[in-house]
Amino acid sequence: MRESQPAAVQSKAGARETAIAARGVVVEFGAKRVLDGLDLDVYRGEVLGFVGGSGQGKSVLTRAVLGLVEKQAGAIEVFGQSLETATSKQMKALDRRFGVLFQQGALFSGLTVRQNIQVPMREYLGLSRGLMDELAMLKIEMVGLSRDAADKFPAELSGGMIKRAALARALALDPDILFLDEPTSGLDPIGAAEFDKLIATLQRTLGLTVFMVTHDLDSIYSICDRIAALADGKVVAQGTIADMLASTHPWVRAYFHGDRARRLDASSPPLNSPASPPLNSPESPARVDSVRSL
Ligand SMILES: Nc1ncnc2c1ncn2[C@@H]1O[C@H](COP(=O)(O)OP(=O)(O)O)[C@@H](O)[C@H]1O
Ligand SMILES: [Mg+2]
């Protein structure tokens, strides 16, 4: 497992470029300390899976990186830009590079899919209506929705379609980094596997950095390049699946060596590998449920 180093060291030639570097992050709500000196690196172009028990602070960290939650101590850099010293203009420029699928990733219920996708466009781009319509349609196709989904309202869509529409909205401004907070929760196993594949494909074709909060071991095994585990307000392990399996931290052991994990561990190579069968194929183990109770 790698040791934490200052972000500046890592952006030197030969080292991997850091997209997000968090150091000593502390977030408290009243007397409750949720993040307690957290260090984390996310490298450019990787899919980082962020795991941890419910209520440990995964969403809080996501919001802190997005500049939406105030921290009591620590430093966060995104693409070399320090959040602490960013002017509002610099923060707005950074915001444009973020695509976000929140955990409660609801679309605006009173807007159609097309209008939802156009919300960030209206906020950040001064485009004509015709161009925004074309762009929205492009994003709709990109996430595998049919063109007629454009004029539907969220209430007319299935759970999987809503996730895809929310993903299309997250991609509206051609972000460099995608934040996904439990993107497959609430989807059935086949829908979840399809959504994983979509994320993997978009990540590769668009060269995205993906920060993905997840409970879903299938997602971890199939699309994550590295994993970071959160416990007691800190990242207690980060690295590859092999690093996770070798971790002695009790929560990480329980998570990666539990019954569900064992079923996957015995499975074939990750989805990204050309040699692996697609999930849910006869050669593949059944997709397992999330480990929510840990
Ligand atoms: N705005 C807030 N005000 C007070 N407490 C909060 C707030 N946001 C999150 N918390 C608390 O912080 C803890 C971590 O929450 P969260 O990041 O949502 O957990 P998870 O790891 O499940 O995503 C929880 O105890 C939650 O109740
Ligand atoms: Mg959460």
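Two strands pair if DSSP finds at least two bridges between them; helices (H or I, at least four residues) and strands (E, at least two) are DSSP runs, numbered from the N terminus. This is a predicted model, in which local features need pLDDT of at least 70, side-chain atom pairs count only at pLDDT 80 or more, and totals for chains, interfaces and linings use all residues. Residues are numbered from 1 along each chain as its sequence is written, while chains are lettered from A and ligands numbered from 1 in the order in which they are written.

Strand 3 (residues 47–52) is largely enclosed by the rest of the structure, because six of its six residues are buried (20 or more other C-beta atoms within 10 Å of a residue's own, with C-beta atoms placed from the backbone). Val47, Gly49 and Val51 point one way, and Leu48, Phe50 and Gly52 the other.

Strand 3 pairs in the parallel sense with strand 8 (residues 209–213) over four bridges, and Phe50 has Val213 as its bridge partner there. With strand 9 (residues 226–231), strand 3 also pairs in the parallel sense, over five bridges; here Val51 stands opposite Ala229.

Ala229 is in contact (C-beta atoms within 7 Å) with Val51, Gly52 and Trp251, among others, not counting residues up to four places away in sequence.

Helix 6 (residues 159–170) reaches 16 Å from its first C-alpha to its last. Nine of its twelve residues are buried, so helix 6 is largely enclosed by the rest of the structure. The buried residues, including Ile162, Leu167 and Arg169, pack against strand 6, helix 4, helix 5, strand 7 and helix 7.

How values were computed: Contact = placed C-beta atoms within 7 Å. Expected span 1.5 Å × (residues − 1).
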